[in-house]
Amino acid sequence: MDESILQLAEYPNAFGKMFKVTQEDIDGFGHVNNAVYLKWLDATVWAHTRYVGLDEQTCQSLNRGMAVVRHELDYISSAYLDDEIAVFNWLSANDGKLRASRTFQVVRIKDKKTLLRARTDYICTDLSTGRPKRMPQQFAESYQITSKAEATSPKAQAIPA
């Protein structure tokens, strides 16, 4: 990701991924459907996970994966057709045992406006049983905390009614 785009991140040490809004992302109200933002967050998580060396094959060989237990999304503004979007994420918590959390910021590039802030909590699971299981050392080391950022930072604002 270009350094000038990374500078739009609210916190240092961001990992980012770019998206361009397509017609398929638009809902009946002419803006990006809420579910698309979650799809972008997930795609950014997978890009980061692969970046730190935990691709799908590695996770399968370790028989471990991080499963979502909670999403919290604060929608601030809307994205529209052809908007270029940056999704930033940070590892905001990792107990090195069972739980980890990520914080996200979604920014529209043309006006540098934050459209969404989010937080997702994860639990390490045994891929063969789906049950919670202690994370392997490789997860604890690869998922290092990059920021203590919280999804509900003081800059967060709700859309006026």
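## A loop residue with positive phi

The place of Lys112 is in the loop between strand E4 (99-108) and strand E5 (113-126), and in this predicted model the phi of Lys112 is near 60 degrees, a positive value in a residue other than glycine. Most residues other than glycine have a negative phi. The relative accessible area of Lys112 is 60%, and because exposed residues are those over 50%, Lys112 is classed as exposed.

Asp82 is found in the loop between E2 and E3, and with a relative accessible area of 47% Asp82 is partly exposed.

## Another position in the loop between E2 and E3

Ser78 also belongs to the loop that runs between strand E2 (64-75) and strand E3 (84-94). The relative accessible area of Ser78 is 18%, and since buried means under 20%, Ser78 counts as buried. Leaving aside residues up to four places away in sequence, Ser78 touches His31, Tyr37, Arg108 and Leu115.

## Overall fold and dimensions

The protein has four helices and five strands, and when the sequence is read along its length these follow the pattern α-β-α-α-β-β-β-β-α. The radius of gyration of the protein is 16 Å, close to the 15 Å that the globule rule gives for 161 residues, so the protein is as compact as a globular protein of that length. Along the principal axes, the C-alpha trace spans about 45 × 30 × 30 Å.

Of the 161 residues, 43% count as buried. Among contacts with a separation of 6 or more, residues 24 or more positions apart account for 72%.

## Surface and charge

The accessible surface of the protein comes to about 8,800 Å², and 50% of that surface belongs to carbon and sulfur atoms. As for charge, the protein has 20 positive and 20 negative side chains, and the centres of these two sets lie 6 Å apart.

## Cysteines

A disulfide is a covalent bond between the sulfur atoms of two cysteines. A search of the whole structure finds zero disulfides. Cys59 is in no disulfide, and the nearest cysteine sulfur to that of Cys59 belongs to Cys124, at a distance of 8.7 Å. Cys124 is likewise in no disulfide, its nearest cysteine sulfur being that of Cys59, 8.7 Å away.

## Glu56 in helix H3

Glu56 is found in helix H3, which covers residues 56-62, and at 31% relative accessibility Glu56 counts as partly exposed. When residues up to four places away in sequence are not counted, Glu56 touches Trp46 and Arg50. With Trp46, which is ten residues apart from Glu56 along the chain, the separation of the C-alpha atoms is 9.0 Å.

Notes: Residues are numbered from 1 along each chain as its sequence is written. This is a predicted model: local features need pLDDT of at least 70, side-chain atom pairs count only at pLDDT 80 or more; totals for chains, interfaces and linings use all residues. Side-chain values use heavy atoms; hydrogens and water are left out. Helices (H or I, at least four residues) and strands (E, at least two) are DSSP runs, numbered from the N terminus. The radius of gyration is taken over C-alpha atoms; the globule rule is 2.2 Å times the number of residues to the power 0.38. Buried means under 20% relative accessible area, exposed over 50%, partly exposed in between (1.4 Å probe, protein chains only). Contact means heavy atoms within 4.5 Å. Accessible areas come from the Shrake-Rupley method with a 1.4 Å probe; for residues, only the protein chains shown count as cover. Lys and Arg count as positive and Asp and Glu as negative; His and the chain ends are not counted. The place of a charge is taken as NZ of Lys, CZ of Arg, CG of Asp or CD of Glu. A disulfide is a pair of cysteine sulfur atoms within 2.5 Å.
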